[in-house]
Amino acid sequence: MYTPQVTDHYENPRNVGTIADASGTATVGSPARGEMVKLTLRIVDNVIVAAKFRAFGCPTAIASASVLTELVTGAHTSEAEEITAGQLSDALGGLPEDKFRYADAAENVLKNAIADFLSK
């Protein structure tokens with residue numbers, strides 16, 4: 001059911017945790033709904049130098065957040081803002097239609113965390 005990439009990111013998630021004194025932070029979803037992703041970013045000179053996540057949900061939710069942190073680390077904020085759910089799905093070997101909402105959540109949490117940074 002899951003691609004090898006989803007399984008790998010679920011079993012070996014990258015960048016799990018929270019960055020203390022993060023430059024940008026966002027949360028989408030809620031534990032009550034069973035799906036939540038929190039993203040914290042460290043941004044220096046508009047470059048994302050570190051990204052960490054905490055997620056509640058199915059393997060696809062965790063994998064989407066994990067791959068997101070890999071894709072954005074080292075990216076300029078303007079480049080990171082252009083990352084789409086489709087790109088996250090592609091990086092995970094393609095998500096089925098009924099699981100694509102997790103890639104959408106990862107895209108949204110990224111855009112919200114960057115917006116949080118830019119608002120400061």
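Buried means under 20% relative accessible area, a cut-off that the first view of this predicted model relies on.

View 1. Gly-57 lies 21 residues from Met-36 in sequence, while the C-alpha atoms of Met-36 and Gly-57 are 6.7 Å apart in space.

**View 2. The open sheet of three strands.** The strands follow the order E1-E2-E3 with antiparallel pairing; E1 and E3 stand at the edges, each with a single partner strand, so one side of each has no neighbour in the sheet. From one strand to the next the twist averages 10°. E1 and E2 are joined by seven bridges, and Thr-25 has Thr-40 in E2 as its bridge partner.

**View 3. Helices against the sheet.** H2 packs on the sheet, where it touches E2 and E3, and its direction makes about 175° with that of E3. H5 lies across E1, E2 and E3, running at about 145° to E1.

**View 4. The largest nonpolar core.** Among the 31 residues of this core, those touching the most other members are Leu-39, Leu-41, Ile-48, Leu-68, Val-72 and Leu-110. Two or more residues each come from strands E1, E2 and E3 and from helices H2, H4 and H5, with H5 giving the most, eight residues. Leu-39 touches residues including Ala-26, Phe-53, Leu-68, Val-109, Leu-110 and Ala-113.

Note on methods. Residues numbered from 1 in each chain as written. Predicted model: local features only at pLDDT ≥ 70, side-chain atom pairs only at ≥ 80, totals over all residues. Heavy atoms only, no water. Core = buried A, V, L, I, M, F, W, Y, C linked by side-chain atoms within 4.5 Å. Buried < 20%, exposed > 50% of the residue type's maximum accessible area, 1.4 Å probe, protein only. Helix = DSSP H or I, 4+ residues; strand = E, 2+ residues; numbered from the N terminus. Contact = heavy atoms within 4.5 Å. Pairing = 2+ DSSP bridges. Axes fitted to C-alpha atoms, helices over the stretch in contact; angles between N-to-C directions. Lists of a residue's contacts leave out its neighbours within four places in sequence.
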